[in-house]
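Please consult the sequence and the model while reading.

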Amino acid sequence: GVHAGTYRDRKKGRNADMLEKLRQMEENYHAMQEKMMDPAVVGDNQQYAQLMREYKHMQPIIEKYHEYLQAQNDFTEAREILDGEEDAELREMAQAELEQSKERMDSLHGELMRLLLPKDPDDDRNVIIEIRGGAGGEEASLFAASLYRMYTMYAETQGWKQEVLSANETELGGYKEISFSILGEGAYSRLKYESGVHRVQRVPETESQGRIHTSTVTVAVLVEADDVELNINPTDLRIDVFRASGAGGQHINKTESAVRITHLPTGIVVECQDERSQFKNKDKAMKILRSRLYEAMQREQNEKIASERRMQVGTGDRSERIRTYNFPQGRMTDHRIGLTLYRLEDLLNGNLEEVFEALATSEQLKKLAAKTMEDTEEQ
């Protein structure tokens with residue numbers, strides 16, 4: 001019995017900590033409401049946008065907190081009736097209310113714990129996605145084009161914008177590689193799970209003998225980095241211009257508009273030959289370079305906190321095989337969470353919300369489990 005007692009006390013303590021945290025959060029929330037009416041703040045775009053972001057993040061938490069307080073209130077009232085009431089019928093009603101409100105409190109408690117988990121600071125950011133055909137030649141390039149279409153169709157359902165930064169197209173309309181940006185609030189929070197190797201199994205369109213081939217495509221999702229976060233020293237860059245090559249007809253090959261930027265300290269090389277002007281190509285290449293450097297920086301920090309990295313379902317290693325798309329069976333399997341769906345065509349048309357939701361939930365549960373472990377060790 002002693003252990004059960006201390007466990008209960010601990011749980012009580014944790015609960016009290018959480019409610020105290022929420023009470024303070026509500027105070028901040030009201031202070032923010034005041035601040036957002038202050039003309040000086042409204043006039044300062046950056047400060048206002050920052051406040052608005054925090055406010056929107058807090059809103060669902062505060063709403064859940066109020067629901068929790070209401071359930072707690074109902075629980076207390078029911079208990080008072082039970083303690084002081086003789087009437088059998090009233091007691092029965094109070095008993096039912098007691099059990100219901102207790103259940104509500106428990107489920108809201110779980111939801112609040114999840115909402116209070118530290119948010120990935122990059123979640124609201126824009127992303128740059130790079131897709132490369134891996135093993136499987138033309139077949140992999142064609143599937144790279146399908147994945148590009150899948151992500152841009154998903155972006156459309158979210159009201160996000162996309163822009164191609166650089167592309168290397170094949171004769172049959174596939175991509176050896178393509179880099180594009182997706183701009184929209186929360187883009188990273190959804191798309192961060194896509195980094196890794198995507199495997200496709202199907203009978204190639206290019207093949208008369210109907211054998212199933214397995215090809216792979218690599219996807220990398222990078223946070224779009226601001227100039228502010230990265231001080232790139234111009235002397236660290238080597239910039240070469242050359243004539244663009246590849247499918248694109250006459251114009252593309254006449255002028256030296258293609259740009260290759262090498263970041264000397266890290267050896268990262270980015271090429272861009274999409275635009276007609278050298279200036280535009282340089283601009284897009286810099287955008288990709290900045291995001292790759294930011295990712296390298298993040299990776300270095302994350303290696304220091306490697307355990308945190310293992311917790312994340314999906315922002316892992318680019319060489320990890322994360323998903324299989326099997327055409328003959330019409331199925332998609334996500335290997336990280338063992339999710340299998342038999343509606344491949346629908347998913348390739350960008351209806352991915354169920355997949356992203358499952359990945360996010362799985363990551364949150366892992367984080368919650370780890371946090372509970374930490375809390376227990378602290379006792």
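Asn326 touches Gln201, Arg331 and Leu344, leaving aside residues up to four places away in sequence; contact means heavy atoms within 4.5 Å. This is a predicted model, in which local features need pLDDT of at least 70, side-chain atom pairs count only at pLDDT 80 or more, and totals for chains, interfaces and linings use all residues. Residues are numbered from 1 along each chain as its sequence is written, and side-chain values use heavy atoms, with hydrogens and water left out.

Asn326 belongs to strand E9 (residues 321-326); strands (E, at least two residues) and helices (H or I, at least four) are DSSP runs numbered from the N terminus. With a relative accessibility of 7%, Asn326 is buried. Here buried means under 20% relative accessible area, exposed over 50%, and partly exposed in between (1.4 Å probe, protein chains only). A polar atom of the Asn326 side chain lies 2.9 Å from the backbone nitrogen of Gln329.

The structure holds 26 salt bridges, each a side-chain nitrogen of Lys or Arg within 4 Å of a carboxyl oxygen of Asp or Glu. The table lists some of them.

| Pair | N to O distance |
|---|---|
| Arg132 and Glu130 | 3.7 Å |
| Arg260 and Asp240 | 4.0 Å |
| Glu194 and Arg323 | 2.7 Å |

By relative accessible area, Arg132 is partly exposed at 26%, whereas Glu130 is buried at 1%.

Definitions and conventions: A polar contact is a pair of N or O atoms within 3.5 Å; within protein, one must be able to donate a hydrogen and the other to accept it, and residues adjacent in sequence count only if both atoms are side-chain atoms.
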